[in-house]
Amino acid sequence: MFPRPLTPLAAPNGAEPLGRALRRAPLGRARAGLGGPPLLLPSMLMFAVIVASSGLLLMIERGILAEMKPLPLHPPGREGAAWRGKAPKPGGLSLSAGDADLQVRQDVRNRTLRAVCGQPGMPRDPWDLPVGQRRTLLRHILVSDRYRFLYCYVPKVACSNWKRVLKVLAGVLDSVDVRLKMDHRSDLVFLADLRPEEIRYRLQHYFKFLFVRDPLERLLSAYRNKFGEIREYQQRYGAEIVRRYRAGAGPSPAGDDVTFPEFLRYLVDEDPERMNEHWMPVYHLCQPCAVHYDFVGSYERLEADANQVLEWVRAPPHVQFPARQAWYRPASPESLHYHLCSAPRAVLQDVLPKYILDFSLFAYPLPNVTKEACQQ
């Protein structure tokens with residue numbers, strides 16, 4: 001199901017409307033390319049792209065595009081070919097018959113990526129990035145030399161299961177269903193482990209993909225997991241958040257009762273480029289302008305998109321993406337709506353620009369937390 005169309009966030013009485021706030025809000029710090037002048041991505045462009053993407057999704061949902069002829073689903077000569085018999089060339093992917101939904105989603109994302117990344121001053125290559133941003137990128141791209149693909153992992157978007165798949169494909173794990181605590185470093189190869197010439201070769205010749213998720217739903221998932229279950233995060237981040245943002249907090253809070261609005265206030269004051277990876281924007285983790293990904297999958301249709309990727313990279317037929325465990329309860333749209341409606345709108349207005357590139361590049365609409373919507 002496609003996400004609901006964009007509905008602007010209503011501002012509280014006397015506050016500046018969100019649209020105006022987004023237009024004036026800087027979306028990234030001024031930075032210089034290699035030898036170039038400082039550049040700042042225009043926020044007006046971002047807002048326009050969001051509106052355009054959401055408008056297209058609305059057209060799809062209302063059936064306006066139903067009369068359009070779909071693009072060819074297979075290149076000539078590929079009809080009937082076994083999926084795992086041939087690997088696609090980067091940029092020349094074919095889709096399962098009848099999967100017009102995926103075709104349109106990829107077209108929306110490709111168009112928005114081209115619109116944003118084609119702007120002057122945007123990075124075209126990882127070596128166009130400042131050193132810190134390039135280091136973050138290369139530390140988040142996993143390598144499979146056996147199957148010739150690169151995967152940029154995004155925490156809270158099923159990255160543990162993808163790492164499990166990579167270990168099975170590398171022969172160091174027997175099955176994706178083995179219930180072991182995931183070691184996120186051992187038996188995995190990252191682009192950061194390789195020499196520059198090896199990195200360049202793989203970026204040019206390997207199949208490249210990443211998976212994305214609604215930005216705010218991803219934040220809620222990180223909040224629930226890290227502050228509700230992980231003592232290390234409660235002590236390292238939770239205690240500091242309570243000290244900063246809770247009136248009357250003592251000098252040594254436990255950090256195990258951080259509220260979602262307090263977490264959002266913390267994010268407002270954080271530099272996106274220096275955030276913890278679990279809530280760092282996908283744009284900064286995977287740099288989709290500097291790396292030309294062949295496929296962008298979504299958490300909303302995780303299993304289908306993941307198994308499609310496994311077919312494209314010619315993984316053995318018995319390797320399927322792990323099914324979601326029955327006990328797992330992901331952050332739902334309803335739960336997200338409840339938490340957002342409980343948060344101060346001024347805080348939401350300040351935190352959304354931090355993730356505006358994720359909303360726009362990956363065609364996710366802004367949340368509807370108007371008074372009327374929150375009363376439903």
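What share of the contacts in the protein with a separation of 6 or more comes from residues 24 or more positions apart? The answer is 71%, where contact means heavy atoms within 4.5 Å. The model is predicted, so local features need pLDDT of at least 70 and side-chain atom pairs pLDDT 80 or more, while totals for chains, interfaces and linings use all residues. Residues are numbered from 1 along each chain as its sequence is written, and side-chain values use heavy atoms, with hydrogens and water left out.

**The overall picture**

- The protein has 15 helices and seven strands; these are DSSP runs numbered from the N terminus, with helices (H or I) of at least four residues and strands (E) of at least two.
- Of its 376 residues, 50% count as buried. Buried means under 20% relative accessible area, exposed means over 50%, and partly exposed lies in between (1.4 Å probe, protein chains only).

**Two helices that cross**

- Two packed helices are described by the angle between their axes and the distance between the axes.
- Helix α7 (residues 215-229) packs against helix α9 (residues 260-268) at about 110 degrees, and their axes are 11 Å apart. Axes here are lines fitted to C-alpha atoms, for helices over the stretch in contact, and angles run from 0 to 180 degrees between N-to-C directions.
- α7 and α9 are therefore roughly perpendicular; that label covers 65 to 115 degrees, with under 35 roughly parallel, over 145 roughly antiparallel and the rest oblique.
- From α7 come L219, L220, Y223 and F227, which meet F260, F263, L264 and L267 of α9.
- The residues of this contact are eight nonpolar, no polar and no charged. Ala, Val, Leu, Ile, Met, Phe, Trp, Tyr, Cys and Pro count as nonpolar, Asp, Glu, Lys and Arg as charged, and the others, Gly among them, as polar.

**Aromatic rings in pairs**

- There are 24 aromatic pairs in the structure. Rings of Phe, Tyr and Trp (its six-membered ring) pair if their centres lie within 6.5 Å; planes under 30 degrees apart are stacked, over 60 edge-to-face and the rest tilted.
- F207 and W312 make a tilted pair, because their ring centres are 6.1 Å apart and their planes are at 50 degrees.
- F207 sits in strand β6 (residues 207-212) and W312 in helix α11 (residues 302-312), so this pair ties together parts 105 residues apart in sequence.
- F207 is buried, with a relative accessible area of 5%, and W312 is buried too, at 3%.
- Y237 and W279 pair edge-to-face, with 5.2 Å centre to centre and 85 degrees between the planes. Both residues are buried.
- Y237 belongs to helix α8 (residues 231-245) and W279 to the loop between α9 and α10 (282-286), so the pair links parts 42 residues apart in sequence.
- Ring pairs also join residues into a cluster that includes F149, Y151, W162, F207 and W312.

**A covered helix**

- α11 is mostly covered, with nine of its eleven residues buried; among them are L302, D305, V309 and W312.
- The cover over those buried residues includes α3 (100-117), α5 (159-169), β6 and β7 (295-298).
- After α11 comes R314, with a positive phi near 60 degrees.

- D257 lies in the loop between α8 and α9 and is partly exposed, at 40% relative accessible area.
- Leaving out residues up to four places away in sequence, D257 touches V242, R246 and E262.
- D257 and V242 are 15 residues apart along the chain, and their C-alpha atoms are separated by 8.4 Å.
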